[in-house]
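I opened the notebook to keep track of what I look up in this one.

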Amino acid sequence: MSSYLFEYANYSNFFEKYQVSPAGVERLQYSWNEPHRFYHTEKHLSFLIDKIEKSSLSEEEKDKLRLTAFFHDVVYDPTAQDNEERSAEMLKEVTQHSVTQEVVEMILDTKTHKPRTELSRQFVDWDMAVVSDSDFTQLMEWERGVFKEFQFVDYSMYKMGRLALLDEWTRKYPNNSQNLQNLMSYLMHHRPRVGVYPGSFNPLHNGHLNILHKAEKIFDKVIIAQGINPEKDAQETDITQLNVFKYRQTEKFPGLLTDYLSKKESDCDITLVRGLRNGDDLDYEVNQLRFMEDMKPDIKVIFIRCDKQFEHISSSAIRNLEKIGKGLGHKYVPNGGLVK
């Protein structure tokens with residue numbers, strides 16, 4: 001049974017007609033299911049395909065729109081500015097059919113929202129239907145997805161940019177202005193629940209990620225904050241450069257953790273996340289918490305225990321393994337992590 005939401009097999013004849021190989025279809029499947037996608041997913045793809053299938057357009061026009069739907073967001077990296085261009089390039093890589101250039105232009109039109117043809121206008125309208133036609137509940141679902149996709153951005157900046165964009169769209173789509181204004185009002189007053197997971201992460205290891213994944217199920221987002229622990233070795237790993245954190249907010253902070261937490265509270269409800277391996281860790285963390293409560297009486301903290309298979313892993317142990325033999329610590333470090 002397919003693990004994908006969208007049944008690509010139903011379009012096997014279509015892909016064959018337009019010379020998209022099975023390997024090309026696999027690239028489509030993989031891309032639409034990347035873990036950093038929360039709105040630009042197969043659910044969005046299915047919505048567009050459904051609109052196309054139910055339309056009264058000719059089969060030739062539908063085929064062009066189907067190709068556009070499959071490939072318009074096939075490349076989606078929220079940290080980049082050239083997703084549409086790269087999506088168009090992927091289309092040209094997997095098919096050399098004669099309609100490719102027209103579809104490429106429609107894909108690029110989804111970036112500017114300035115369609116060059118009537119067929120492109122129809123696709124852009126469907127692609128933007130979440131803004132132009134959705135009720136408030138649907139807009140909230142959209143907002144939650146986009147927020148998760150842009151969780152690498154500090155919320156104060158995200159909120160400012162999002163409100164500016166919604167204000168522009170309120171004027172552009174007057175028929176749905178009330179719902180969009182309600183969403184703006186929600187954003188103005190909303191305070192997301194944000195966890196701050198601090199550490200030296202020297203190096204980041206699989207136990208850290210285990211704690212992070214558990215915290216992300218509790219909070220709207222988690223900030224990974226790297227401080228310098230005076231009891232640990234000189235800092236070597238820069239978490240802001242680790243690929244494993246590409247789509248998450250990472251920050252380095254000097255000074256006291258309590259001061260850092262206070263600075264993050266202007267737009268968010270902040271909770272400190274501390275990971276535990278065993279009872280010794282708990283004793284240490286509770287003792288440290290008493291000091292932090294003296295400096296910040298309103299501090300909120302959650303202790304999360306790692307799974308049993310990670311209890312023995314520590315950054316210092318990994319560093320010692322690396323001193324004994326280069327590469328011995330790699331099995332404890334996630335892909336995209338770093339052992340120096």
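This is a predicted model: local features need pLDDT of at least 70, side-chain atom pairs count only at pLDDT 80 or more; totals for chains, interfaces and linings use all residues.

**Entry: a loop residue**

With that rule in hand I went to Ile313, which sits in the loop between S5 and helix H15 (315-324). Is Ile313 buried or exposed? I get a relative accessible area of 6% for Ile313, and the cut-off for buried is under 20%, so Ile313 is buried. Leaving out neighbours within four places in sequence, I find Ile313 in contact with His205, Arg277, Ile318 and Tyr332. I also checked Ile313 against Thr258: they are 55 residues apart along the chain, and their C-alpha atoms are separated by 27 Å.

**Entry: the overall picture**

I stepped back and counted 15 helices and five strands in the protein. The C-alpha atoms fill a box of roughly 70 × 50 × 30 Å along the principal axes. Of the 340 residues, 50% are buried. I then took contacts between residues at least 6 apart in sequence, and 70% of these join residues at least 24 apart.

**Entry: the sheet**

What is the strand order in the open sheet? I read S3-S2-S1-S4-S5, five strands with parallel pairing. The edges are strand S3 (250-252) and strand S5 (301-305), each pairing on one side only. Neighbouring strands are turned by 30° against each other on average, direction ignored.

I looked at one pair in detail. Strand S1 (residues 193-199) and strand S4 (residues 269-276) run parallel over four bridges, and Val194 has Ile270 in S4 as its bridge partner.

**Entry: two strand residues**

Thr271 is in strand S4. At 12% relative accessibility I count Thr271 as buried. Which residues does Thr271 touch, not counting those up to four places away in sequence? I list Val194, Gly195, Val196, Phe219, Lys300, Val301 and Ile302.

Next was Val222, in strand S2 (residues 221-226). Val222 has a relative accessible area of 0%, so it is buried. Beyond four places in sequence, its contacts are Gly195, Tyr197, Leu212, Ala215, Glu216 and Gln249. Gly195 turns up in the contacts of Thr271 and in those of Val222.

**Entry: nonpolar cores**

I asked which residues in the largest nonpolar core touch the most other members. That core has 34 residues, and the answer is Val131, Trp142, Leu166 and Trp169. I followed Leu166: setting aside neighbours within four places in sequence, it is in contact with Trp142, Leu180, Leu183, Met184 and Leu187. There is a second, separate core of 33 residues, and Phe6, Leu48, Val104 and Trp126 are among its members.

**Entry: a helix pair**

Val104 came up again when I checked helix H5 (residues 83-94) against helix H6 (residues 100-112). Their axes come within 9 Å and cross at roughly 165°. Angles over 145 degrees count as roughly antiparallel, so that is how I describe H5 and H6. The crossing of H5 and H6 is right-handed.

Which residues of H5 and H6 meet? From H5 I have Glu84, Glu85, Ser87, Ala88, Leu91 and Lys92. On the H6 side they face Thr100, Val103, Val104, Ile107, Leu108, Thr110 and Lys111.

Technical notes:
Residues are numbered from 1 along each chain as its sequence is written. Side-chain values use heavy atoms; hydrogens and water are left out. Two strands pair if DSSP finds at least two bridges between them. Axes are lines fitted to C-alpha atoms, for helices over the stretch in contact, and angles run from 0 to 180 degrees between N-to-C directions. A nonpolar core is a set of buried Ala, Val, Leu, Ile, Met, Phe, Trp, Tyr and Cys residues joined through side-chain atoms within 4.5 Å. Buried means under 20% relative accessible area, exposed over 50%, partly exposed in between (1.4 Å probe, protein chains only). Contact means heavy atoms within 4.5 Å. Angles under 35 degrees count as roughly parallel, over 145 as roughly antiparallel, 65 to 115 as roughly perpendicular and the rest as oblique. A crossing is left-handed if the near helix is turned anticlockwise from the far one by less than a right angle, and right-handed if clockwise.
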